Amino acid sequence: MLYRIPRGVNDILPDQIAAWQQAEANFQKLCRLYNYEEVRTPIFEQTELFVRAVGEDTDIVAKEMYTFEDRSARSLTLRPEGTAPVVRAYLENSLQGQDPDRLVKLYYIAPIFRYDRPQAGRYRQHHQAGAEAIGSPEPEVDAEIIQLSLDFFASLGLKEVTLLLNSVGCPQCRPTYIKALKRHIEPHLDEMCSDCQRRYDANPLRLLDCKNQTCRQILEQAPSMLDMLCEECAVHFDTLKQTLDLLDIAYNIDPHIVRGLDYYTKTAFEFVAPGLGTQDSIGGGGRYDGLIEECGGPPTPAVGVGIGLERTLIAQEAAGVAQPEPAREGVFVVTIGAPAWPEGLKLLAQLRAAGLPAEIDYRRRSVRAQLRYADGEGCRWAAILGEDEIRSQTVTLRNMVSGEQDSIRQSELIDRLSAEL
RNA sequence: GUGGGCGUAGCUCAAAGGUAGAGCACUUGACUGUGGCUCAAGUGGUUGGGGGUUCGAAUCCCCUCGCCCACCCCA
């Protein structure tokens, strides 16, 4: 073998396509139900867009982007997340129109690229189904995004999805919180891991999700962001919780949900599912009220979600959700003997022209082999053409499920099958 | 980026220094023109790749690539 697939990326082969198409179709259907419209943005953007939107200090920007120069020395980057390109397209095409308060609801299904060490459920190219609601500050919209996501998981038979919920505050209250957090940590700083010592200055919020034992202990008594939200953020969070209660959506408050993208404000959430090992997050999102302004637009509040399709499908498999058997359909043209071959080819073309899925065995093997092939291909009918049939202008039509067969006129075959299939 | 486990037929796996195998799948036949069940025969391998040790390597050593697991990160 001369060439192998690059590390960390996958082929999606015919036997997996049904699961993918089901997931994609369900997501699209739900988005239409919730009045979100599809956008398709390029797989690469100016590098600066992601650096600015996601944040220079994040792992995604610092070490996980596929960045390259084109032939004119422009720095471009393969999309490492879905929100920034949508925001760019929203601004560039003035999707808000003349109404500055207009709520623009968009969705996408797109490949995402991150140079990470591959692992089960973690790939260098994966696919996200995402939804963004741009233009509304209302917590009910956060709830809508969450509900849409949960409906999607439910539509795929995923029953044990847990919603983890947090608020990461806003530019008003977060600095106060960070000051309090650092004040708590400072006396213990030299006991903490080297990563945390670096984060202390670079990105103190990230201290919260350190998995190191000693760091965790020190952080256990640390103040919680949730206790220090400003009035506006606290009301937003309370209203969101009330709305979720109203909609019978269960959630676990988890103050350690921080998210790896700097643009989040207020609501941050994550969906976790069993069966994935340590990569158990199948989706996540939150509010990003500052991002549109950061990208050069007017102050515009927004909220969104990204769902990992590979992980969702792994969770679906782990949960033992059976894929529906493809229905038997199609006609297999069986020819017997040399004179029947051209007649079979003509019949094959006629069937296809009439919109009936049809196949033939180009290897011209024994009847036995042709029927076995037809069975393996999942055909519902076999149309058998031999000397007898040609002489009498008929075809032997065999039902591949029941095994019954009878002789019918060639001129009636298409009408008969069209009625049945 | 760090540490560990594993790479043998299309698939799932044996063979622990001495002839590379089994089951499933596939092909053909038993059944001159009828699939699924049964039986029989057959096809199929640079043992991930490269180098080394040895009379002899799937097996031991080194390098490399890939997958998996944990850290990390996140979808």
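Biologist: Which orientation do α12 and α15 have to each other?
Modeller: In this predicted model, helix α12 (residues 340-353) and helix α15 (residues 410-420) pack with their axes 11 Å apart and at an angle of about 40 degrees. Helices (H or I, at least four residues) and strands (E, at least two) are DSSP runs numbered from the N terminus, and axes are lines fitted to C-alpha atoms, for helices over the stretch in contact, with angles from 0 to 180 degrees between N-to-C directions. Since angles under 35 degrees count as roughly parallel, over 145 as roughly antiparallel, 65 to 115 as roughly perpendicular and the rest as oblique, α12 and α15 are therefore oblique.

Biologist: On what conventions do the numbering and the values rest, and which pLDDT do local features need?
Modeller: Residues are numbered from 1 along each chain as its sequence is written, while chains are lettered from A and ligands numbered from 1 in the order written. Side-chain values use heavy atoms, without hydrogens and water, and whereas totals for chains, interfaces and linings use all residues and side-chain atom pairs count only at pLDDT 80 or more, local features need pLDDT of at least 70.

Biologist: Which residues of α9 does α5 meet?
Modeller: Helix α5 (residues 139-155) packs against helix α9 (residues 231-246) at about 45 degrees, with the axes 8 Å apart, and the two are therefore oblique to each other. From α5, Pro139, Glu140, Asp142, Ala143 and Ile146 meet, in α9, His236, Thr239, Leu240, Thr243 and Leu244.

Biologist: How many charged residues does the contact of α1 with α11 have?
Modeller: Helix α1 (residues 14-33) and helix α11 (residues 309-318) pack at about 115 degrees, and are therefore roughly perpendicular to each other. Ala19, Trp20, Gln22 and Ala23 in α1 meet Leu309, Glu310, Leu313 and Gln316 in α11. By class, this contact has 5 nonpolar and 2 polar residues, and the number of charged residues is 1.

Biologist: What is the radius of gyration of chain A?
Modeller: Chain A comes to 15 helices and 16 strands. For its 421 residues the globule rule gives 22 Å, so chain A is more spread out than a compact globule.

Biologist: What distance separates the centres of domain 1 and domain 2?
Modeller: The assignment, automatic or from a database, gives chain A domain 1 (14-173 + 229-318) and domain 2 (331-420). Taken over C-alpha atoms, their centres are separated by 50 Å.

Conventions: Contact means heavy atoms within 4.5 Å. The radius of gyration is taken over C-alpha atoms; the globule rule is 2.2 Å times the number of residues to the power 0.38. Ala, Val, Leu, Ile, Met, Phe, Trp, Tyr, Cys and Pro count as nonpolar, Asp, Glu, Lys and Arg as charged, and the others, Gly among them, as polar.
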